[in-house]
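Here are my notes for you, written as numbered points. Have the model open beside you as you read.

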Amino acid sequence: MPSSAKARAEVWQFLAQVSPRPKQTIVDLGSGWGGLVIPLALRFPECQIVGYELSWLPWFTSKVIQRVLRLHNLKLYRQNFLQQPLPSADIVVCYLYPEGMTKLADQGRVQHWRPSYLISICFALPNHNALEKVKVSDFYQTPVYLYRL
């Protein structure tokens, strides 16, 4: 499910707070149609951007856009990120579901995969306290969380 424009705007606000530096890696878990991962690659050309999407059509659409825009700093994988060794990441963004967030928290402990920051749209990361939580003024009052891990 695509995130709302207002929720994505909050993600940008959180990214401004954690200020990605050159050569950092930003990972989008569940990158979908590219609504966030493509703008990330455009806005941060000096960073490595990685997107994971399991659904074929959204992934393919993102790949086409990536090639048309020649985004060499963007890698898109059609894989279940829960079954892959994830790249070392400085910042992770995601819009998952409650069980996915639980699995993500478990995977982080098991694989010792610890990004510096995690920004989550809609669902909290179990057993972690958010640095900030903002409720977006959209139809669903979508929460957006910022975690320092």
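1. Strand β1 (residues 25-29) runs parallel to strand β2 (residues 48-52), and five bridges join them. Thr 25 has Gln 48 of β2 opposite. Between the two strands the chain passes through α2, and this β-α-β crossover is right-handed. A crossover is called right-handed if, with the strands pointing away from the viewer, the path from the first strand over the helix to the second runs clockwise. Strands count as paired if DSSP finds at least two bridges between them; helices (H or I, at least four residues) and strands (E, at least two) are DSSP runs, numbered from the N terminus.

2. Before going on, a word on the basis of these notes: this is a predicted model, in which local features need pLDDT of at least 70 and side-chain atom pairs count only at pLDDT 80 or more, while totals for chains, interfaces and linings use all residues. Residues are numbered from 1 along each chain as its sequence is written, and side-chain values use heavy atoms, with hydrogens and water left out.

3. β1 also pairs with β4, in the parallel sense over four bridges, and Val 27 has Val 92 of β4 as its bridge partner. Five of the five residues of β1 are buried, so the strand is largely enclosed by the rest of the structure. Buried means under 20% relative accessible area, exposed over 50%, and partly exposed in between (1.4 Å probe, protein chains only). Thr 25, Val 27 and Leu 29 lie on one side, and Ile 26 and Asp 28 on the other. In a regular strand the side chains alternate between the two faces of the sheet.

4. Strand β5 (residues 117-121) is likewise largely enclosed, because five of its five residues are buried. Which strands flank β5? Strand β4 (residues 91-94) pairs with β5 in the parallel sense over four bridges, with Ile 91 opposite Tyr 117. Strand β7 (residues 143-148) runs antiparallel to β5 and is joined to it by five bridges; here Ile 119 stands opposite Leu 146.

5. Pro 115 sits in the loop between α4 (98-111) and β5, and counts as buried because its relative accessibility is 2%. Its C-alpha is 4.7 Å from that of Asp 90, although the two are 25 residues apart in sequence. Leaving out residues up to four places away in sequence, Pro 115 touches Ala 89, Asp 90, Ile 91, Val 92 and Leu 149, contact being heavy atoms within 4.5 Å.

6. Helix α3 (residues 56-69) has 14 residues and reaches 20 Å from first C-alpha to last, close to the 20 Å expected at 1.5 Å a residue (that is, 1.5 Å times one less than the number of residues). Pro 58, Trp 59, Ser 62, Lys 63 and Gln 66 are buried in α3. These buried residues fall within an arc of 140° seen down the axis, so they line one face of the helix; the arc is that of the directions from the helix axis to the C-beta atoms. Their cover includes α2 (37-43) and β3 (74-77), while the face turned away carries the exposed Arg 67 and Val 68.

7. Two backbone angles may interest you. Arg 70, in the loop between α3 and β3, has a positive phi near 55° and is exposed at 64% relative accessible area. Asn 127, in the loop between β5 and β6 (132-135), has a positive phi of about 60° and is exposed at 74%. Most residues other than glycine have a negative phi.
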